Each structure stands twice: as structure tokens, then as C-alpha cells.
Amino acid sequence: MSQAYRAVPVEEQSQSSGDDASVNEKFEWSAEKKTLSQRIRNASTSHLAWIVQAVMLSASITFFALGVCMRTTKQADAIPTTFSPVNEAVEYRIQHFDLKPIPDGPFVGKGPQVDAMWEWATDGVPDTMVTREEMIKMNMDPEGALMVTDPATGKRGYRVAIEVFHQLHCLNLLRQANWKSHYSKLGGDTSAEPEDLHGHLDHCIDALRQFVMCQSDVNVFPFRFPFNDGDPWPDYSSPRMCRNYEKVREWAVEHGVAQGVDEPEH
């Protein structure tokens, strides 16, 4: 470490010329004094540098966290949502579609067992009721809407149907129309006059068309050779993110409102 020595005045030199030890002590004391001052300044400078670095690091972390939060919020805000009282029942899960080259399963075909499955999935699920506040929250005009009284509670509200059960009703009508020779003899929608049936089917087809286009499923599926004959078939069993239908149905049944005696058919 460099040492700084101060000059000793002449008087001090003459007075101390006979005492070399005293002169040496003065030079040494001056050197020590300067060195201590430098140490204090160096220490202060070092601490200040650490403080500045710590502040800059904290600022960087803060700005990074804010950036992540802003991006997350922006992404969340980019997806518009609609209110529904059924939202509380929504549960997401990954599942594989079950679409074989030759369709089968409990919802395929005709007959009492198949009819019972479709009754469970759609027509057997009751409508529910919402308040005026909920109607407004859903951006629906309550004026002119059908008002009902819940027989179980005596409360008044607006009768509503949950869309998924309407869509399934339309699919069930298409299934029955596919087996018209069987179902037209049993009464119901397929036994209506041809003009009425065609109008009902057109309604269902267009409703499902709008629903499918609204969802615009972007999952993909490959092609395979299930019959080993060189003819490729689509493999629809790829995983998809789905809402748990059973949870939605349970909510609808629990919040179902029976049709009143004087309530018109709808």
C-alpha cells in the first residue's frame, strides 16, 4: 500500500534534529493517519457498490416479475368468457374419443337400451331457473322471457335450458331420423309431418353447425390401416381436453325445476 508523508516544517526539523526517533514517529503517524482515511473511504466505496448492485438486481427481478404477470394477464384477458350459473360445475379433463371404423357403443343404433342412454343424456334432464340479475349478467334481456315458480321453493325466476342438452337432443333426432322406419311408428318427432320434420332437422343441423364452427376443434388425428388392406382410416382416438359431462349433468339435475301445472309447453 502506498504511503503519503507530510512535510515537516523547518522549526520542527531544527527542534528535532537531534532526535531521529521523534522524526520517524511523526512520519509514521502521518502515514498511518492517511492509510486509515483511505481504508474508510475504500470501505464506504465498496459498500456503496454492493448497495447499488443489490438495488439494480432487485429492480431487475421486480421488472421481470411484472413482465411475466402482465403477459399472463394479457393472455387471460385475450380469451373472452361468458357467464353461466353452471360454470361452477365445470371440471376439465383429458380423454380419448372412442370412434372406431365400425361404430358401436351404447349410443349407436336403435332400440330400448339405446333410447334409455339418450334419455339419460338429454331429454331426461330438467330445465333450471335463473334470477333477473343472472339474466342480465348473461347479457340476456329478461323482458318478455318465460317466468316460472319453482314448486320446491316457491321462488320466481326465468326458466332456462342448458345448451349441451339441446345439442344432444338435436343429435338424438338425427339418430332417430337415421332409423326413421323404426321410430316413426312409435310417435315423437320423427312421426311429424314431413314438412315439420324437415324443418326440425334443418334447425338441428344448423344449430350443430354453428356449435362446431364456434368450437373450431384444432386437435389433429392420424390415419392408420385397421384392416390391413392398404386402405387408410382416420384414427380419432387422439387425446382432447374435455369438460366432464357427468359433472354438468349432476348440476342440472340438482338445480332442476319441474314444469308447473299451468306452464306452457316449450
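Reader: What should I know before we start?
Author: This is a predicted model, where local features need pLDDT of at least 70 and side-chain atom pairs count only at pLDDT 80 or more, while totals for chains, interfaces and linings use all residues. Residues are numbered from 1 along each chain as its sequence is written, and side-chain values use heavy atoms, with hydrogens and water left out.

Reader: How do you know where confidence is lowest and highest in the protein chain?
Author: We look at pLDDT, the predictor's confidence in each residue, from 0 to 100. Helix α1 (residues 10-15) has the lowest mean, 45, and helix α5 (residues 163-178) the highest, 98. For the protein chain the mean is 83, with 71% of residues at 70 or more. Helices here are DSSP runs (H or I, at least four residues), as are strands (E, at least two), numbered from the N terminus.

Reader: Why is the pair F227 and W233 called edge-to-face?
Author: Rings of Phe, Tyr and Trp (its six-membered ring) pair if their centres lie within 6.5 Å; planes under 30 degrees apart are stacked, over 60 edge-to-face, and the rest tilted. The centres of F227 and W233 are 5.4 Å apart and their planes stand at 75 degrees, so the pair is edge-to-face. The whole structure has 6 aromatic pairs, and ring pairs also link W120, F165 and Y245 into a cluster.

Reader: What makes F227 partly exposed?
Author: Buried means under 20% relative accessible area, exposed over 50%, and partly exposed in between (1.4 Å probe, protein chains only). F227 has 40%, so it counts as partly exposed. W233, at 30%, is partly exposed too.

Reader: How do you know that the charged end of K137 sits over the ring of F83?
Author: The rule asks for NZ of Lys or CZ of Arg within 6 Å of the ring centre and within 35 degrees of the ring normal. The charged end of K137 sits over the F83 ring, 4.4 Å from its centre. R240 does likewise over F97, at 4.1 Å.

Reader: What makes phi of N228 worth a look?
Author: Most residues other than glycine have a negative phi. Phi of N228 is near 55 degrees, a positive value in a residue other than glycine. N228 lies in the loop between β5 and β6 (233-234).

Reader: Is N228 buried or exposed?
Author: N228 has a relative accessible area of 71%, so it is exposed.
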